[in-house]
Amino acid sequence: MAKGPTPGHGPLTGVRVVELAGIGPGPFAAMLLADLGADVVRVDRPGGAGLGIDPAYDLTNRNKRSVVLDLKSDEGPARVLDLVERADILVEGYRPGVAERLGVGPEACLARNPQLVYGRMTGWGQDGPLAERAGHDIAYIALTGTLSMIGGPDEPPTVPANLVGDYAGGSLYLVVGVLAALQHARAHGEGQVVDAAIVDGAAHLATMIHGMLAAGSWQDRRGANLLDGGCPFYGTYATSDGGHMAVGPLEGQFYAEFARLLGIADAFPDRWDLARWDELRAAVTERFLTRTRAEWTEVFAGTDACVAPVLSLTEAPHHPHLAARSTFVEHGGRTQPAPAPRFSATPVSVRTGPALPGADTEAVAADWDVPGLRPAPRD
């Protein structure tokens, strides 16, 4: 007899997470945990965080709850430790030593809850010559060599927003780390500290490229390789209306279909003739400039030529495939990416909008049995 769906809102239902408010990769990591069903309580600071947007629009705080505590006050750290005592995971993104000075570092938290997974999110890591220095995504990916790979050969490196460092090299590795440590804690009753550094994650993302470099199949320069835009059949091309098409038919059968539909099949029979790559690129460029993005999209629709239109952020939710999969959803009047990945037995969803600072104090105090969170009654 088939079992019904597991009660709850995702595979992490029942997991409790304390997030010490910050910006960037820490909140995004906590959002991932919340999307997967964890009860994430964000400890906001009075006055909000620097560089923060209007809390009502900060989608990285969806599916969470918020309390406001001043960690520089006499009572603030004690209330955080009360939450920690009942939590499975803590996430913080301060510079090394700051949490310790505030009284909520790993030693204090693990003394209160020996099974706690203490997740630390920084750019440089908890040790090393740069550990105490300020930084942002662009500096972290610069030092790891990752930034050097992105962009044209005769142009400065292209800044990939803050996706490669903060979120791919930072948030995703922190989430993998804390979930692995949670498994260990539940199996062995032993908590630990997870040191997630963006420099470590961003370097790790390029593992395959380092293997290719060692094998001599990757040149240590931008725009000269198979996957970095150096290859004329793996890149982007402008269309007559100012749009762009993304091209990636690496395999022979896919390239044959691409060349036929583009109209260059007879001109370049050997695509691996590197001496003719500039000539091939010029021909592909010229052909794409003869039609609009919509026209080329129609030409390649329903084929295995591995060609797609480059859509903007506002266009993407309306693409038929993404709409059919509900890759983007609307909640509270705001279109946003849906939680990912998907689960057959424990489906995930956007349950609540961005947590407003302090809005959930009473509910958290009751649910987590931390009465000290409630404001003291006035005389």
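Which residue forms a salt bridge with E19? Select K64: its closest N and O atoms with E19 are 2.8 Å apart. A salt bridge here is a side-chain nitrogen of Lys or Arg within 4 Å of a carboxyl oxygen of Asp or Glu.

Before moving on, note the ground rules. This is a predicted model, in which local features need pLDDT of at least 70 and side-chain atom pairs count only at pLDDT 80 or more, while totals for chains, interfaces and linings use all residues. Residues are numbered from 1 along each chain as its sequence is written, and side-chain values use heavy atoms, with hydrogens and water left out.

**Stop 1**

Helices (H or I, at least four residues) and strands (E, at least two) are DSSP runs, numbered from the N terminus. Both E19 and K64 are buried. Buried means under 20% relative accessible area, exposed over 50%, and partly exposed in between (1.4 Å probe, protein chains only).

Now select R65 and D39. They form a salt bridge, the closest N and O atoms being 2.9 Å apart. R65 is in β3 and D39 in strand β2 (residues 39–44), 26 residues apart. R65 counts as buried because its relative accessibility is 17%. D39, at 22%, counts as partly exposed.

**Stop 2: helix α2**

Select R79 and D82. Their salt bridge has its closest N and O atoms 2.9 Å apart. Both lie in helix α2 (residues 76–85), three residues apart, about one turn of the helix. The structure holds 17 salt bridges.

**Stop 3: helix α11**

Show residues 293–300. R293, W296 and F300 are buried in this helix. They cover an arc of only 65° around the axis, so they sit on the same side of α11. The arc is that of the directions from the helix axis to the C-beta atoms. On the other side, A294 and E298 are exposed.

What do the buried residues of α11 pack against? Select β8 (244–247), α9 (252–262), α10 (277–288) and β9 (307–309). Contact means heavy atoms within 4.5 Å. Just after α11, G302 takes a positive phi of about 75°.

**Stop 4: C306**

Go on to C306, in the loop between α11 and β9. Its phi is near 60°, a positive value in a residue other than glycine. C306 is partly exposed, at a relative accessible area of 35%. It is in no disulfide; the nearest cysteine sulfur, that of C231, is 12 Å away. A disulfide is a pair of cysteine sulfur atoms within 2.5 Å, and the count by this rule is zero.

**Stop 5: two loops**

Select A161, in the loop between α5 (137–143) and α6 (163–188). A161 has a positive phi of about 50° although it is not a glycine. At 48% relative accessibility, it counts as partly exposed.

Then jump to P341, in the loop between β11 (334–337) and α13 (361–367). The peptide bond from A340 to P341 is cis, with omega near -5°.
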